[in-house]
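Trainee: Could we go through how two of the chains in this model are related, and what lies between them?

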There are 4 protein chains.
Amino acid sequence: MNFLSDNAYGALPEIVAALSSAAAGTASSYGGDDITARVESRLAEIFETKLRAFAVISGTAANALALATLCPPHGAVLCEAQAHIAVDECGAPEFFTHGAKLIGIEGHHGKLTPASLETTLARFHQGFVHQAQPAVLSLTQSTEMGTVYSLAEIAALAKLAKAHGLKVHMDGARFANAMARLGISPAEATWKAGIDVLSFGATKNGALGAEAVIFFDPALAGDFEYRRKKSGHLISKMRFVSAQLEAYLTDDLWLKAARHANGLAQHLAEGVQGIAGVEILYPVEANEVFLRLPTTLAEALRSGGARFYDWSPPENAKSTIRLVTSFATPPEDVARFVELASK
Amino acid sequence: MNFLSDNAYGALPEIVAALSSAAAGTASSYGGDDITARVESRLAEIFETKLRAFAVISGTAANALALATLCPPHGAVLCEAQAHIAVDECGAPEFFTHGAKLIGIEGHHGKLTPASLETTLARFHQGFVHQAQPAVLSLTQSTEMGTVYSLAEIAALAKLAKAHGLKVHMDGARFANAMARLGISPAEATWKAGIDVLSFGATKNGALGAEAVIFFDPALAGDFEYRRKKSGHLISKMRFVSAQLEAYLTDDLWLKAARHANGLAQHLAEGVQGIAGVEILYPVEANEVFLRLPTTLAEALRSGGARFYDWSPPENAKSTIRLVTSFATPPEDVARFVELASK
Amino acid sequence: MNFLSDNAYGALPEIVAALSSAAAGTASSYGGDDITARVESRLAEIFETKLRAFAVISGTAANALALATLCPPHGAVLCEAQAHIAVDECGAPEFFTHGAKLIGIEGHHGKLTPASLETTLARFHQGFVHQAQPAVLSLTQSTEMGTVYSLAEIAALAKLAKAHGLKVHMDGARFANAMARLGISPAEATWKAGIDVLSFGATKNGALGAEAVIFFDPALAGDFEYRRKKSGHLISKMRFVSAQLEAYLTDDLWLKAARHANGLAQHLAEGVQGIAGVEILYPVEANEVFLRLPTTLAEALRSGGARFYDWSPPENAKSTIRLVTSFATPPEDVARFVELASK
Amino acid sequence: MNFLSDNAYGALPEIVAALSSAAAGTASSYGGDDITARVESRLAEIFETKLRAFAVISGTAANALALATLCPPHGAVLCEAQAHIAVDECGAPEFFTHGAKLIGIEGHHGKLTPASLETTLARFHQGFVHQAQPAVLSLTQSTEMGTVYSLAEIAALAKLAKAHGLKVHMDGARFANAMARLGISPAEATWKAGIDVLSFGATKNGALGAEAVIFFDPALAGDFEYRRKKSGHLISKMRFVSAQLEAYLTDDLWLKAARHANGLAQHLAEGVQGIAGVEILYPVEANEVFLRLPTTLAEALRSGGARFYDWSPPENAKSTIRLVTSFATPPEDVARFVELASK
């Protein structure tokens, strides 16, 4: 019963198989290979637009490279206060942007609101050299709290950001989970709603290590390729990253895997709903469930074999825990967890 | 007949199989898994010393992270003028070190000599704040020219560097090829000879994307882990990088693969030796062969299906070409190349 | 009636005179001159300890260089949310530290409290590579709100910081104003209370452009000199910066100038105290007075010739303004301001 | 007899007087003052074009900020191998550009030639992400060897650079000395010949610490102002830097001072010409004289009170020395030096 993280699970068999297939023969290195070209084409089909897509091997690299391409050293990136880029990447965006600032904004259920964004923007004066200049809005979809921005929410935030001259980045480490939830097209969920650049994650959802940075306006890609190389993220046998992405995009594997994970999170939430003393903290819209529950119960669950993180230190005999389901979480683990919790 | 680069070839079957095995079940992320721990232990056995080993997915990352750990922003890294870190990494060392300088020294057959190192060191004044301060000597083994430093050569250079207070890094993107040549123990070839940090390459020699940065003095590792994270190189499913390394180190697979590559380079060199107008430029000691030959012959070889790089633009109807053999180069490709060249 | 900033005023005559004296003859460049040596000795006397002092020409440079010397790229600097380093330096600390994070903590009247510091520290996990690691506490003395930390307050914060392994920096852009207020020795106010490094400001208090970065533990100075050079802040004719500092430190000129400024702020505060609708927002302990007052009154004051900043946009017909007095503010300007405000 | 450097001397009386005048009253800070505006206008007149000029306090800052504005992190700056930016600034350009490369090219008498520039450019492949991309050519005028590029030489180099898409920077730490030599207009010597950005030095030629970065195409200034702020080089009382520049530009003070320095260098060269065993190494065209002479003579000169640098370590009983004359060098020092040398 491992609910620690979606990255605790290994990889989808289709993706492993793709690596085997890609291992034979010779290919152009550094992304000049056929698989890499096909992935970009496939993404263009899926997103229904001309785009530039660049593969990297970690979400931190995807985010930091995307942000550095959009944000000058004297710029600021606005994001939710608990965003991964702000609190879980050890300052990678600051390193890649050469010293830009991340401005954390308190959100609601992990989501920014136009009002909070507007208040923050009002603190900055355009052209005032003493202040970092807001350059990018970064939204996380699905969010760190397992919620999903609606299309209208994204569009409103992106519109406001653009009215202030900002570019809009989406951290889609769990983009598939959001898409599985929203039931709209990838195009609608991104560039049509005002997203300029997407960190399209695959690792958490079944790849070994593969993400794509997608620029919906190819002109925005600018010097991305140099930044990728200079940071050691242009790997020589790129075919092996691209092969993962290709398998991931084939026959809707990415959406199927996300549906599996989301479905289990729903089951889990439904299962614990109504258990005395257990509170579901945020709407369960993707593959994460946050619970507040008696610390004794949390401990009992752990003793019973369940693994999960305390999201914050226990307080007043209550624990706040995060449960993550994945593309490979066995349904019986969820059932077992619910059973244990119900005792 | 692809002699463009060792990274034109895919991956060793044993390494692909290891990925399949590693794909099942759950594991701790970010390097907390068992495979990662085993790799470090295995390397400690192979190198016969206590060490710290960190996996990354590209040689550029390995080199740049190693150098940044050893060299302050105001420092200088001394290396052969044609070293990969100096001319093929788009300034990655400068980025990771936050602006240190790479000082290229003209070598002989790709190797530095104590005399050239001493002359360069004499240009710098210790404690003089106007100059970058030499902090690291970086040696490439095997070299960009396909030659291999002897044990005595390494020891002499390392001794001189240390007398001046420098640390010594070895870029071992082709370390296996060097070891296959030298016939000495990995310990003798590295820390016993004065090497502090080794970029231990596996990618060029049969991995999909896996390198280890090895600190022979664990204290030198310093803030390496933070640098790796901050640069996006701490991948979440680290088990998949480590699994490659584990397979690579099992049953001497790394040395066997390198012997295959080196052997073919020898065959190739022997095969073209004596062909009128064809000159072998450097001793063939690893898996690269540099030839000067009539441009007409180079073109004929290409027409016959051989692929290779011009190492410099043709001059006076002569071409300078590089041929690289790999862990997976078919012996018949070498035979065919020699046959074509001999016509 | 210029109350915009202390840096709106020019320079003290004694300091200008010192430049004239220093202009003749030859001297060693880059800080090898006699005046520079004397300044360090004089500071050692004033602070009653062995120290290293380095002159620079801007407060931003002083702060950013001090922080970069103490904080690694993966570190975090904790400071009050409105600290100059956090909001008025366009990310200079991030640039000089190569991407460290500034963590703003909401203070009370511009001051941090041990409780707020402790809460913030609890969010960080030592050795957890995903998070920036708190490395420095930066206190501003006097604060951005014109208040002054008491000796006990500094000592308590410094003690807590050190218990967590942090170094303690003091941004003393207005250190003289704080000392004029506190009536304790510079030693008591700094290193004896746990301050490791002080940005000792002179510019706001009568110099043309001169600050000293003072390391009370010479060993902490580390590579400061290289950082100063590499950032273009080691000026060739350093004698001219040092001459300013020497004059500033002679015959207590620095304290006299600060007493002038502080005294006028007191007069101003006393003068407006009790005027209907005018609220003094923070204790006036140095040379700044923050008022909330009817926007109509603020406009009337401006029409009458007073210049000052709105500290935040007017709201509900109320303005929040900042008034700064300086070493050279004419007492009659304060009297005139009070007279206008009282109408 | 101080011939160590032009920065060993203090400051011109007119410049010191300007500081006194500027010290009274209030002014807008951070360059919003009248003097700063006048300096830009005056430079526009002198250079006969619309321009943007930004004051800083060191030549290293001027150069590094100019280069960082023109060169991306993945770019390369081409310069003479002994250029100040390459060997005397401790990697400041690398820091400000966030890791760009400086490519040193061996020159003749301190000057680059179109042939050497072309050879270097041929080593780089446009758009090849593995290599830093040449972005800026930096010329030093007058050169480190005391020679002066002719108008034709500058124009030829700039033309070649621009044909390859590079911008052209001039390090004019001793620009006045070059202008005093050339007898052409500042416009002809710079933008009309293809210079995009000039580091216009004043410090070495009589200021206390003042340089201007001049963009002849205002559009190229880009984010210079943010870079200046972020690096701590936007000083609050900017009027004091600008006042130095204003005095420097008034009544041709800058040219008069340079003529003094150049004239003495000529006298010195003429005086030592023909002394047995003394060789003048480069044409004396500005304010520096390089001599090769018996080490015994060098020692005798030092014993007689002359101060100067050994440019390289003595070899075969011969010393290579540099003598610099300045705006304030007493003519009798030159006479005395020649007398001593002639003994």
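Trainee: What rotation superposes chain D on chain A?

Mentor: This is a predicted model, and in it the superposition of chain D on chain A leaves an RMSD of 0.0 Å, with 0.0 Å of shift along the axis. That is the relation of a two-fold axis, and the rotation is 180°.

Trainee: Which residue of chain D comes closest to the rotation axis?

Mentor: The distance is taken at the C-alpha atom, and its value is 3.4 Å. The same surface serves both copies, since 100% of the contact residues of chain D recur in chain A. The residue of chain D that comes closest to the axis is D:H98.

Trainee: What area is buried between chain D and chain A?

Mentor: The contact involves 18 residues of chain D and 18 residues of chain A. Carbon and sulfur atoms give 67% of the buried area, which in total is about 1600 Å².

Trainee: Which residues of chain D lose the most area to chain A?

Mentor: Together these residues account for 40% of what the chain D side buries. They are D:H74, D:V129 and D:Y226.

Trainee: Which helix gives the most to the side of chain D that touches chain A?

Mentor: Between the two chains the count is zero salt bridges, while six residue pairs are in polar contact, both residues being at pLDDT 80 or more. The side of chain D that touches chain A divides into seven nonpolar, seven polar and four charged residues. With four residues, from the range 224–230, the element that gives the most to this side is helix α10.

Key: Residues numbered from 1 in each chain as written. Chains lettered and ligands numbered in written order. Predicted model: local features only at pLDDT ≥ 70, side-chain atom pairs only at ≥ 80, totals over all residues. Heavy atoms only, no water. Contact = heavy atoms within 4.5 Å. Buried area = accessible area lost by both parts, 1.4 Å probe. Salt bridge = Lys/Arg side-chain N within 4 Å of Asp/Glu carboxyl O. Polar contact = N/O pair within 3.5 Å; in protein donor to acceptor, adjacent residues only side chain to side chain. Helix = DSSP H or I, 4+ residues; strand = E, 2+ residues; numbered from the N terminus. Nonpolar A, V, L, I, M, F, W, Y, C, P; charged D, E, K, R; others polar. Least-squares fit on C-alpha atoms with pLDDT ≥ 70 in both.
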